[in-house]
Amino acid sequence: MERFNRYWAGLILVLILSIFLQLMPQWHSLLAFNSETVMAEGWPLISAHFIHLDWWHALFNFVGLTLIVLIWREYWSTRWLINALLISGVATSLMLWIIPVNLSFVGLSGVLHGLLAYCLIKDIRSGKKWMWIILIALVVKVVAELLGWQPDHFVGEHVSYIHAAGLVSSLLLYKLERRRISDAVPFDK
């Protein structure tokens with residue numbers, strides 16, 4: 001039962017939230033990220049990552065999330081999984097808002113790139129040096145996307161920016177992991 005509590009509750013919560021939002025297509029235009037309106041609205045910084053273009057898009061994103069959590073289960077608890085999703089989601093959205101490209105998106109793929117890179121960095125730091133190969137392959141894939149390579153399954157011309165922003169968010173995840181807010185505030189004796 002303890003293993004269930006470690007990460008399954010977080011996965012189930014994300015699944016329920018995604019299914020609920022997918023069943024409300026009338027909300028999608030309100031919850032989707034749009035660079036021109038995101039800061040006025042605020043909630044799309046997070047909500048855009050939990051709605052999808054269609055059920056197949058939702059399924060593939062959730063399968064990706066499940067694989068990352070199961071393969072690297074020693075790094076996840078429900079609390080850290082939810083925190084990582086929120087931190088990576090907001091960081092990815094903010095980076096996409098800053099770039100001088102007007103874009104709209106929905107889906108979890110940017111965050112998935114961040115979570116995957118975070119796990120690879122953790123593995124490398126724990127002594128699994130061969131994980132560099134996978135991390136370098138992931139970075140090369142994203143750079144190739146930025147240079148114009150687009151697989152057939154890409155929807156939209158700016159997916160490469162979303163993946164790149166998610167990848168960069170992994171550095172923030174690694175820096176903030178398991179830190180308390182009080183640790184960020186200097187304490188003078």
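**Notes on the predicted model**

1. His 163 has its place in helix H9, which runs over residues 159-176. Buried or exposed: which describes His 163? With a relative accessibility of 5%, His 163 counts as buried, because the cut-off for that class is under 20% relative accessible area. Its side chain makes a polar contact with the side chain of Glu 145, at 2.8 Å, and Glu 145 is itself among the buried residues of H8.

2. The model is a predicted one, and the confidence values deserve a look before the details are used. The protein chain has a mean pLDDT of 87, with 88% of its residues reaching 70 or more. Among the elements of the chain, helix H1 (residues 2-22) has the lowest mean pLDDT, 78, whereas H7 has the highest, 96.

3. As for the overall architecture, the secondary structure of the protein chain amounts to nine helices and two strands, and along the sequence these follow the pattern α-α-β-α-α-α-α-β-α-α-α. Of the 189 residues, 44% count as buried. Among contacts between residues at least 6 apart in sequence, 75% join residues at least 24 apart. The accessible surface of the chain comes to about 10,900 Å², and carbon and sulfur atoms account for 69% of that area.

4. Helix H7 covers residues 109-125, and its 17 residues reach 24 Å from first C-alpha to last, close to the 24 Å expected at 1.5 Å a residue. How many of the residues of H7 are buried? The count is 14 of 17, so that H7 is mostly covered. After the helix comes Gly 127, whose phi is positive, near 110 degrees.

5. The side chains of Lys 122 and Glu 177 are joined by a polar contact of 3.0 Å. If neighbours within four places in sequence are left aside, the residues in contact with Lys 122 are Tyr 75, Tyr 174 and Glu 177.

6. Helix H8 (residues 131-146) has 16 residues and reaches 23 Å between its first and last C-alpha atoms, close to the 22 Å expected at 1.5 Å a residue. Its residues Met 131, Leu 135, Leu 138, Val 142 and Glu 145 are buried. Why do they lie on the same side of H8? They cover an arc of only 85 degrees around the axis, which puts them on the same side of the helix. On the other side of H8, Ile 133 and Val 140 are exposed. The buried residues of H8 pack against H7 and H9, and the helix is followed by Gly 148, with a positive phi near 125 degrees.

7. Leu 86 and Leu 45 are 41 residues apart in sequence, with a C-alpha to C-alpha separation of 9.2 Å.

8. Helix H5 (residues 55-71) has 17 residues, which at 1.5 Å a residue should span 24 Å, and its end C-alpha atoms are 24 Å apart, which agrees. The buried residues of H5 are His 57, Ala 58, Asn 61, Phe 62, Leu 65, Thr 66, Ile 68 and Val 69. Seen down the axis, these buried residues fall within an arc of 165 degrees, so they line one face of the helix. Trp 56, Phe 60 and Ile 71 are exposed on the other side of H5. At the N-terminal end, Asp 54 caps the helix, with a side-chain oxygen lying 3.1 Å from the backbone nitrogen of Trp 56.

Definitions and conventions: Residues are numbered from 1 along each chain as its sequence is written. This is a predicted model: local features need pLDDT of at least 70, side-chain atom pairs count only at pLDDT 80 or more; totals for chains, interfaces and linings use all residues. Side-chain values use heavy atoms; hydrogens and water are left out. Helices (H or I, at least four residues) and strands (E, at least two) are DSSP runs, numbered from the N terminus. Buried means under 20% relative accessible area, exposed over 50%, partly exposed in between (1.4 Å probe, protein chains only). Contact means heavy atoms within 4.5 Å. Accessible areas come from the Shrake-Rupley method with a 1.4 Å probe; for residues, only the protein chains shown count as cover. The expected span of a helix is 1.5 Å times one less than its number of residues. A polar contact is a pair of N or O atoms within 3.5 Å; within protein, one must be able to donate a hydrogen and the other to accept it, and residues adjacent in sequence count only if both atoms are side-chain atoms. pLDDT is the predictor's confidence in each residue, from 0 to 100. The arc is that of the directions from the helix axis to the C-beta atoms.
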